Amino acid sequence: MSKTSSLFSALLCTFIWGTTFIAQDTGMDDIGPFTFNAVRFFVGFLAVAPLAFIFERKNILKSVKRNQKEFINLAFLIGLSLFLGSALQQVALLYTDVANAAFFTIFYVPMVPFIIFFMYKKPIHWSIWPSVLLCVMGGYLLTNFYSATVRTGDTLIILGAFFWSTHIIFTGKIIENYNLPLTIGAIQTLIVASLSLIIGLIFEDFIWSNIIKEKFQILYAGILSGGLAFVLQIYAQKNISPAPSAIIFSLEGVFATIAAWILLDQILDINNLFGCLFILFGVLFSQLAPILKKN
């Protein structure tokens, strides 16, 4: 896969994530957050698993047998990170509003380079830091957070942002050695669905009739976000390192705002528009600065 294809995959993935924010928020009118995630990610697994079997079954054993233990460990860490990040975000939406959630989720952008540096002692290209600053400033303006009240749910969002960061980092790590994006995508969605189901059965009422009421939100969040988008993320990170990937993924806030404007008739003010521009400049700078320096 070329760098251009990876960038396109990252942008399409981010667009799906951004528009899914609305489905996540409205999909808990009749069911709990863990029930929503259990069904959502199981639907995602059903969407991805057949594709993995068709296109990658011949390469699975060949790729994994080189270091089976490493593959299992990284696949589990990816699934666990995705479970914790999505669960904390979903629960937090019960206690905070979308503006706060969208702003604090963007904190995975500055977290990724810091975690990479401390975990792997890997130097970060200087262009990442101004890009991170632009993205965080853009998120602040984009979400109208300056007019919001910090709530208990915001702490859950920040903690969730840490696990979104580890998910991006471990995804970058596993795709370096195992070119199995569909298989990895199927495994992680199954892990999230299983863990969510266990907790949902313990703490929530698993009522099938209520789940049916949220079928459209579940199908959108499951097939497109839980299935397709996370596979696109893996494809994207084949040629884009974790820190720049996180900056591109911060466009999720831009797409969420545009979706809210179109679908929910929310008005974009001048601060929202400047927020979009800040994030766009941050993404462009992170991608173009290293290229211009080489030339």
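This is a predicted model: local features need pLDDT of at least 70, side-chain atom pairs count only at pLDDT 80 or more; totals for chains, interfaces and linings use all residues.

A: Buried residues make up 53% of the 295 residues, and the secondary structure consists of 13 helices and zero strands. Among the contacts with a separation of 6 or more, 91% are between residues 24 or more positions apart.

Helix α10 covers residues 215-236, and its axis comes within 8 Å of the axis of helix α1, residues 3-26, with a crossing at roughly 155 degrees. An angle over 145 degrees counts as roughly antiparallel, and α1 and α10 are therefore roughly antiparallel to each other. The handedness of this crossing is left-handed. On the α1 side the contact includes Ser6, Ala10, Cys13, Trp17, Thr20 and Ala23, while on the α10 side Gln217, Tyr220, Leu224, Leu228, Leu232 and Tyr235 are among the residues that take part. Sorted by class, the residues of this contact are 15 nonpolar and eight polar, with no charged residue.

Helix α2, residues 33-64, is the other partner considered here, and its axis comes within 7 Å of that of α10, the two crossing at roughly 55 degrees. That angle makes α2 oblique to α10, and the crossing is right-handed. From α2, the residues that meet α10 are Phe36, Val39, Arg40, Phe41, Val43, Gly44, Ala47 and Val48. From α10, the residues that meet α2 include Ile218, Leu219, Gly222, Ile223, Gly226, Gly227 and Val231. The class count for this contact is twelve nonpolar, six polar and one charged.

Some residues of α10 take part in both contacts: Gln217, Ala221, Ser225 and Phe230 are listed among those that meet α1, and Gln217, Ala221, Ser225 and Phe230 are also among those that meet α2.

For reference, a further helix pair can be set beside these two, namely α3, residues 68-92, and α8, residues 181-203, whose axes come within 8 Å and cross at roughly 50 degrees. Helices α3 and α8 are therefore oblique to each other, and α3 passes α8 in a right-handed crossing. Their contact brings residues including Phe71, Phe76, Gly79, Leu82 and Phe83 of α3 to residues including Ile184, Ile187, Ile191, Leu195 and Ile199 of α8. By class, this contact has 13 nonpolar, four polar and no charged residues.

Definitions and conventions
Residues are numbered from 1 along each chain as its sequence is written. Side-chain values use heavy atoms; hydrogens and water are left out. Axes are lines fitted to C-alpha atoms, for helices over the stretch in contact, and angles run from 0 to 180 degrees between N-to-C directions. Helices (H or I, at least four residues) and strands (E, at least two) are DSSP runs, numbered from the N terminus. Angles under 35 degrees count as roughly parallel, over 145 as roughly antiparallel, 65 to 115 as roughly perpendicular and the rest as oblique. A crossing is left-handed if the near helix is turned anticlockwise from the far one by less than a right angle, and right-handed if clockwise. Contact means heavy atoms within 4.5 Å. Ala, Val, Leu, Ile, Met, Phe, Trp, Tyr, Cys and Pro count as nonpolar, Asp, Glu, Lys and Arg as charged, and the others, Gly among them, as polar. Buried means under 20% relative accessible area, exposed over 50%, partly exposed in between (1.4 Å probe, protein chains only).
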